[in-house]
Amino acid sequence: MMMGQSMRMLRVIAPITATLLLALVAICVLLIAVHVDVLLAARAFYQSTFGSLRTFGEVLVRSTPLLLIAATLLPSLRSGFYNIGAPGQVAAGGLAATFVALNMSGAPAPLALVSCAISAAVAGGLVSMLPGFLKARWTVNEIVSSLAMNFIMIAVLGYLLNGPMQSDFANLPQSDSLPANSSVPKIFDGTRAHMGVYIALMAIPLLILLDKSIIGYRLRVFYANQNLSRRANVNPGAYTIWMFVLAGTGAGLAGWMQVAAIDHRLYPGIAEPIGYAGLFVVFLGALHPVGIVLAAFALGALMHGGGSLQVGAGVSAEIVQVFLGVVLIVYAVMPRASGSSADGRK
């Protein structure tokens with residue numbers, strides 16, 4: 001029994017480790033090609049990610065929304081539904097949380113905090129529900145419909161921040177500052193790491209428990225053959241919509257965290273780059289709950305540490321932007337990708 005669990009865990013960790021190692025080699029070759037001292041860059045990367053509690057907190061800040069989006073998106077991708085609407089759902093969540101926070105400035109902090117979180121989750125879920133309904137009712141391509149929702153939500157956000165919700169004290173498209181009673185508490189003094197990391201981590205044991213439940217069994221039947229899943233008392237349409245709403249709920253909460261814990265006001269670029277990066281975390285994590293924790297943390301470190309290389313090692317901003325693309329390309333060409341089952345368990 002223990003041997004079987006160890007082998008399954010090894011099948012999750014091995015491809016992630018191999019991808020990151022190959023990506024690391026490719027990045028080193030890239031740095032050498034542009035005449036950057038690799039050892040100096042490695043030292044700068046370490047210092048900017050694990051060198052102090054503050055830098056480690058920044059890694060957590062970037063990893064938390066990625067993990068939350070990936071955890072709630074996982075059931076959809078296991079079923080073969082490519083819901084790529086996370087940017088629009090993050091924007092909807094941030095917009096709803098900002099609206100509620102600005103109208104509850106006099107409320108007790110716990111009430112304001114919970115109200116903002118619930119409103120963001122509901123907004124993200126509603127935005128994701130439409131592509132789910134279209135998929136369940138008329139088998140509309142979810143890539144097209146969820147992408148369309150991204151365009152709509154980003155446009156709505158831009159309109160509001162350039163008009164009705166624009167701060168009176170700024171010429172830029174941004175909202176007023178959120179009141180203090182809606183701020184998400186920090187977990188370490190002197191850092192920006194916040195309580196949202198606990199919410200994201202809570203999703204992992206819930207996913208594992210879900211796998212072992214009756215609903216998890218029905219979901220596996222649904223993953224395997226959606227047309228025959230009715231024999232296991234599965235309503236394909238309801239399950240499809242439910243999975244889209246779940247994904248939107250997580251992305252909406254990620255939007256709430258971004259405005260209530262990090263930015264403390266709403267900007268048009270709230271979903272950049274966490275929306276699409278959350279999708280990548282699910283694949284890099286081999287569609288497994290434990291795998292996405294590792295992938296989210298690794299990507300969060302790369303996003304923060306890569307940016308710090310500009311100061312610590314003189315690496316240009318353009319080269320830093322290439323790093324994430326290198327990881328994506330390495331993942332895409334890994335032979336493991338074509339040999340994995342849909343649920344990440346061979």
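Helices here are DSSP runs of H or I with at least four residues, numbered from the N terminus. The model is predicted.

**View 1. A nonpolar surface patch that includes Leu 126 of helix H5.** Helix H5 covers residues 109-138. Leu 126 has 51% relative accessibility and so counts as exposed, the cut-off being over 50%.

**View 2. A salt-bridge network of Glu 58, Arg 62 and Arg 192.** Arg 62 and Glu 58 meet through their side chains at 2.9 Å, N to O. Both sit in helix H3 (residues 53-78), 4 residues apart, about one turn of the helix. Arg 192 also bridges to Glu 58, with the closest N and O atoms 2.9 Å apart. This second pair links distant parts of the chain, 134 residues apart: Arg 192 is in the loop between helices H6 and H7. Glu 58 is buried at 8% relative accessibility. Arg 62 is partly exposed at 24%, and Arg 192 is partly exposed at 31%.

**View 3. The salt bridge between Arg 78 and Asp 211.** The side chains meet at 3.0 Å, N to O. Arg 78 belongs to helix H3 and Asp 211 to helix H7, so the pair ties together parts 133 residues apart in sequence. Both residues are buried.

**View 4. Val 281 in the largest nonpolar core.** This core has 76 residues. Val 281 is among those with the most contacts inside it, as are Leu 31, Val 90, Trp 256 and Ile 292. Beyond four places in sequence, Val 281 touches Leu 66, Ala 70, Ile 292, Ala 295, Ala 296 and Leu 299.

Technical notes. Residues numbered from 1 in each chain as written. Predicted model: local features only at pLDDT ≥ 70, side-chain atom pairs only at ≥ 80, totals over all residues. Heavy atoms only, no water. Patch = residues over 30% accessible without salt bridge, like charges linked within 9 Å, V, L, I, M, F, W, Y side chains within 5 Å. Areas by Shrake-Rupley, 256 points an atom, 1.4 Å probe, with all protein chains shown as cover. Salt bridge = Lys/Arg side-chain N within 4 Å of Asp/Glu carboxyl O. Helix = DSSP H or I, 4+ residues; strand = E, 2+ residues; numbered from the N terminus. Buried < 20%, exposed > 50% of the residue type's maximum accessible area, 1.4 Å probe, protein only. Core = buried A, V, L, I, M, F, W, Y, C linked by side-chain atoms within 4.5 Å. Contact = heavy atoms within 4.5 Å.
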